[in-house]
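Work through the exercises below with the structure in view. Try each task before you read its solution.

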Amino acid sequence: MEEKITINGNPLSDYGAEMLAGSYNSLLKPAQLKPWVSNEPVNGNGVQYISPKPGEEVFVAERQVDLIFSVIGDTKEEFLSNYRNFIALLQSGELDFNIPDLGRHYYLKYENCTSFDHIALLACKIAVKFSEPDPKKESE
């Protein structure tokens with residue numbers, strides 16, 4: 001993964017963190033469309049849908065994004081400091097992930113940790129679930 005990834009303008013490396021393989025899959029997965037407006041009349045067959053006309057905007061729903069990170073430190077103290085600071089950042093509210101490889105920002109909100117593994121209190125792998133309220137939001 002690209003080292004220039006930032007969260008709220010801070011490089012991941014400031015936290016001894018790195019985004020791991022598989023994360024881009026989640027970021028690039030298309031968002032689901034919002035449900036179509038429909039009507040199922042009792043005096044007619046089937047369902048009627050109101051579809052956007054050609055050229056009209058189609059709206060997407062909020063989506064879930066799963067990202068995987070590693071956090072490391074040269075000593076137990078450095079690792080624990082990096083880990084605590086990284087978790088505090090993730091839990092701080094709306095997060096602006098700048099992913100230069102993908103050419104855009106992603107605005108995510110921390111939901112929960114879905115898995116956690118550590119090695120001798122010097123490194124960990126943490127999978128995190130985020131919500132993306134507006135998958136089409138490009139920039140502030």
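**Exercise 1. Find how strand S1 pairs with S7, and which residue in S7 is the bridge partner of Ile 7.**

Solution. Start with the terms. Strands are DSSP runs of E with at least two residues, and helices are runs of H or I with at least four; both are numbered from the N terminus. Two strands pair if DSSP finds at least two bridges between them. Now look at S1, residues 6-7. It pairs with S7 in the antiparallel sense, over 2 bridges. Ile 7 has Phe 97 in S7 as its bridge partner.

A note on the model: it is predicted, with local features needing pLDDT of at least 70 and side-chain atom pairs pLDDT 80 or more, while totals for chains, interfaces and linings use all residues. Residues are numbered from 1 along each chain as its sequence is written, and side-chain values use heavy atoms, without hydrogens and water.

**Exercise 2. Follow the chain from S7 through S8 to S9. Which hairpins do you meet?**

Solution. Step one: S7 (residues 94-99) and S8 (residues 104-119) are antiparallel, with 6 bridges. Glu 94 is bridged to Lys 109 in S8. These strands form a hairpin with 4 residues between them. In its turn, Gly 103 has a positive phi of about 70°.

Step two: S8 also runs antiparallel to S9 (residues 123-132), and 9 bridges join them. Here Cys 113 has Val 128 in S9 as its bridge partner. This hairpin has 3 residues between the strands, and Ala 120 takes a positive phi near 50°.

**Exercise 3. In what order do the strands lie in the open sheet, and which are the edge strands?**

Solution. Recall the rule: strands of a sheet pair through backbone hydrogen bonds, either parallel or antiparallel. Here 7 strands form the open sheet, in the order S2-S1-S7-S8-S9-S6-S3, with antiparallel pairing. The edges are S2 (10-11) and S3 (17-19), each pairing on one side only. For the whole protein, count 2 helices and 9 strands.

**Exercise 4. How does the radius of gyration of the protein compare with that of a compact globule of 140 residues?**

Solution. Take the radius over C-alpha atoms; the globule rule is 2.2 Å times the number of residues to the power 0.38. The rule gives a value near 14 Å for 140 residues, but the protein has 20 Å. Next, check the box along the principal axes: the C-alpha atoms fill roughly 70 × 30 × 25 Å. Last, burial: 31% of the 140 residues count as buried. Buried means under 20% relative accessible area, exposed over 50%, and partly exposed in between (1.4 Å probe, protein chains only).
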